[in-house]
Amino acid sequence: MTATPGHGGSASIATPDYWWYVARSDLLETALGEHAGSPALALDLGSADGPSASWFREAAVRTVSLDIDPRGLDAAGVCGSALALPFADETFDAVAAFDVLEHCAPEADALAEIRRVLRPGGRLLLSVPAYSWAWSDFDVANGHHRRYTRRRTVAALRRAGFAVERATYGFTTVFPLFVAERLVRKVSRRGARGPVDIVEVPRVPRALNTALTAMCRVDRGALARRDLPFGSSVFAAATRRP
């Protein structure tokens, strides 16, 4: 991530079994796994959010992990910013950036850095949160700069010199619950003064956590066959043009 003042790592460090993290890993692998290939050297960007990227790291012969927050890194991880990646040009065969780009300002600088460290034809896999209308105190606390649509995601990637192979929404099955939750936040006028170190995820009963995870398996089956028309996240796969 970028060094957003006041914001640290992902809540997944403390709650890796939270339904959203478990489901996202499953959905990302289903939607983007075949686009990852078997890279000789890959970069896991924003790797403090480990539960969603384990499948990506396993697909690569060797993976380098980078995050702004050292708490999510192992001893071999690199602490750094997506706006100034500490790697030489054309180093990696693939880069994963799962819920990273929304933390970066300017967006174009982060994408330019990712393109710089990718070899020509290298793969970029990413996810971002969807819809500006869904902006809430949760985004402020997380140090977000923006939310996306599929169209905006594709346009940003193309401007940065990528050819988009797939762009789809995710979390479609639970989307009505997401809309309701955001409406409650707006009606209650919850506020966040600024980014916090690590945002706490909502506490849900174990049975509900299991039920929400199971609901997302409907998305998994659909994503294996087609793109989804709406959802609370956008998933994309792209290759670096020469």
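A salt bridge here is a side-chain nitrogen of Lys or Arg within 4 Å of a carboxyl oxygen of Asp or Glu. This is a predicted model, in which local features need pLDDT of at least 70 and side-chain atom pairs count only at pLDDT 80 or more, while totals for chains, interfaces and linings use all residues. Residues are numbered from 1 along each chain as its sequence is written, and side-chain values use heavy atoms, with hydrogens and water left out. Searching the whole structure gives 15 salt bridges.

- Arginine 185 pairs with aspartate 137 in a salt bridge whose closest N and O atoms are 2.8 Å apart.
- Because arginine 185 belongs to helix α6 (residues 175-187) and aspartate 137 to helix α4 (residues 137-141), the pair ties together parts 48 residues apart in sequence; helices (H or I, at least four residues) and strands (E, at least two) are DSSP runs, numbered from the N terminus.
- Both arginine 185 and aspartate 137 are buried, where buried means under 20% relative accessible area, exposed over 50%, and partly exposed in between (1.4 Å probe, protein chains only).
- Salt bridges with shared partners join Asp137, Asp139, Arg147, Glu181, Arg182 and Arg185 into one network.

**Arginine 57 and aspartate 44**
- Arginine 57 forms a salt bridge with aspartate 44, with 2.6 Å between the closest N and O atoms.
- This pair links distant parts of the chain, 13 residues apart, with arginine 57 in helix α2 (residues 54-59) and aspartate 44 in strand β1 (residues 41-45).
- Arginine 57 is partly exposed at 28% relative accessibility, whereas aspartate 44 is buried, with a relative accessible area of 2%.
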